[in-house]
Amino acid sequence: MLKILALLFVASVAASTLHAEPLPAEKSAETVALQDRIDGRSAEIENMTAYAARLERILVRNGLAAEPWVRQLSFEQRMARVLPPMHAENIRFQDAIKDLADASGVGISVDWKRLRDAGISSRRPLTLDSMKATAPEMLKGILGAAAGGGSVPLDFFIENDTLKVTTAEIVAAHVLTRTYDVAPLLPPDRSLADAQDMIARLISENVATDTWLDAGGSIGKMQFSGTKLTITQSAANLAAIETFLDDIDAKKQNTRRRAILDRQGGEIALLAIQSEKLAARCRAAGIHVPPRVDLAMDQQLPDLEFISVPLATCLARIEQASGQVIAVKWDVLETAGIERDAPITLSIHRETLAGALRAVIAAGSTGNSRVRYQLEDNTIAISTEEDFDRATVCTRVYDLRDVRIPHGMTRQDAVDAIEQAIETRIDPDSWRDNGGTIGNLRELQGQLIVTQTKRAHARIKARLDILRRENGG
């Protein structure tokens, strides 16, 4: 039955709506358009932030002073910024904290006395090899390395726009309790107990998953009293929960999205001014200003000829010709059977940077692992698809209330069809329901709440867009 429904999901044309009181098609279209703009601006902000950071590094390397421009952003913006990876061997604990504070512009305060009493020195040497992440995510990695699997785990809480580091025991005692009215989120077609359980599962499966007491964590707790939900969590996790609740509240979605776009517009304007100031300082000092990597991808390269040239040399020549930084994760590629000295024979004529990279990567790829590039920290990172996916998991909400389904199907049949089609057609082995470790999918009142990789999200959105067009929505 589910296979039939999955096919209907793809090929359906028109009849009843998914929800008893459907959102007008133009409202749903507005939701999709607003989210597309947010996603586009998020990518632009990430590229602009990384470009400004690269220009700043160029100035510092040439003996010129940097500018603390990032501190002009709000605390929330600094906390949400994705930072470049941290790679270091034998860096002192206190220096790793300082480097993170400098890179993020987020204040970090450490209770060194309490840590010393717990046997953790500020001079403890650490080895860090992080993926790009936000300041809170990187701080968790640093604290995990500093604790070193010992008996005294470390953690942090947020107070007065500062990340305060101490022992996990102290953080557990520094939790907050807040109550939320979730009446608008409770599905009307379920009993109160079932609806409460659904909301609790949505929160625990998508926000701070390892902190809930029911999942073996140490701080998170939820308790219902009718439509009121009382949550005990850290301040940072409560903020994430509040954002998540807003995201799944259909009545707040577009208002929230417009507020996000307004904030993003201000951030983009600030980044543009700062980047131009940094570029002007470089030009005044006679320093070459490289183009932003996302803009450089469509620039045509000079012709390149490779005859039995090692893969690493080919990429180095593309790097030199383009003026961009190419970071290859050779340890990952070599594990996948792709050697840096693999001979490449290839002619590249009147090709863009993006096209040249695709051609060389295709020529050097062997085995079953798919190799690709993506833009990170204003550099071009090259690795396997699986490696990139591990670092790009996020939760998104898809509004399905305007999607029409074949006549005669129940609402639950339609939900099952959509979920089954997604889980069987898009990275099936990654879904938790299928035994995977990444994907999670739940429906709430005509909205699909999905945790997946960014690549999978793009495919999910494309699939739903096709369905919406077929139904005239």
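Biologist: How many helices and strands does the secondary structure of the chain come to?

Modeller: The model is a predicted one, in which local features need pLDDT of at least 70, side-chain atom pairs count only at pLDDT 80 or more, and totals for chains, interfaces and linings use all residues. Residues are numbered from 1 along each chain as its sequence is written, and side-chain values use heavy atoms, with hydrogens and water left out. Helices (H or I, at least four residues) and strands (E, at least two) are DSSP runs, numbered from the N terminus. The count for the chain is 17 helices and 18 strands.

Biologist: What is the radius of gyration of the chain, and what does the globule rule give?

Modeller: The radius is taken over C-alpha atoms, and the rule is 2.2 Å times the number of residues to the power 0.38. The two values are close, so the chain is as compact as a globular protein of its length, 473 residues. The C-alpha trace spans about 65 × 60 × 45 Å along its principal axes.

Biologist: What percentage of the residues in the chain is buried?

Modeller: Buried means under 20% relative accessible area, exposed over 50%, and partly exposed in between (1.4 Å probe, protein chains only). Of the 473 residues in the chain, the buried share is 45%.

Biologist: Which residues have the most contacts inside the largest nonpolar core?

Modeller: A nonpolar core is a set of buried Ala, Val, Leu, Ile, Met, Phe, Trp, Tyr and Cys residues joined through side-chain atoms within 4.5 Å. In soluble globular proteins, nonpolar side chains tend to be buried together. The largest such core here has 29 residues, and those with the most contacts inside it are Phe93 and Ile142.

Biologist: Which element supplies the largest share of this core?

Modeller: Several elements each supply at least two residues, including α4 (93–104), β4 (125–129) and α6 (135–147). The largest share is seven residues, and it comes from α6.

Biologist: Which residues is Ile142 in contact with, leaving aside its neighbours within four places in sequence?

Modeller: Contact means heavy atoms within 4.5 Å. On that basis, the partners of Ile142 are Met86, Phe93, Ala96, Ile97, Leu100, Leu126 and Leu128.

Biologist: How many residues are in the second, separate core?

Modeller: Among its members are Val293, Leu315, Leu333 and Ala354. The number of residues in this second core is 28.

Biologist: Is Ile348 buried or exposed?

Modeller: Ile348 is found in strand β12 (residues 343–348). Residues up to four places away in sequence aside, Ile348 touches Asp303, Leu304, Phe306, Ala356 and Val360. The C-alpha atoms of Ile348 and Val360 are separated by 9.1 Å. With a relative accessible area of 5%, Ile348 is buried.

Biologist: What is the relative accessible area of Ala327?

Modeller: Ala327 lies in strand β11 (residues 326–328). Not counting residues up to four places away in sequence, Ala327 touches Ile380, Ala381 and Ile382. Ala327 is partly exposed, and its relative accessible area is 36%.

Biologist: How far apart in space are Gln300 and Ala354, C-alpha to C-alpha?

Modeller: Gln300 lies in the loop between α11 (293–296) and β10 (304–310), and counts as partly exposed at 49% relative accessibility. Gln300 touches Arg350, Glu351 and Thr352, not counting residues up to four places away in sequence. Gln300 and Ala354 are 54 residues apart in sequence, and their distance in space is 9.0 Å.
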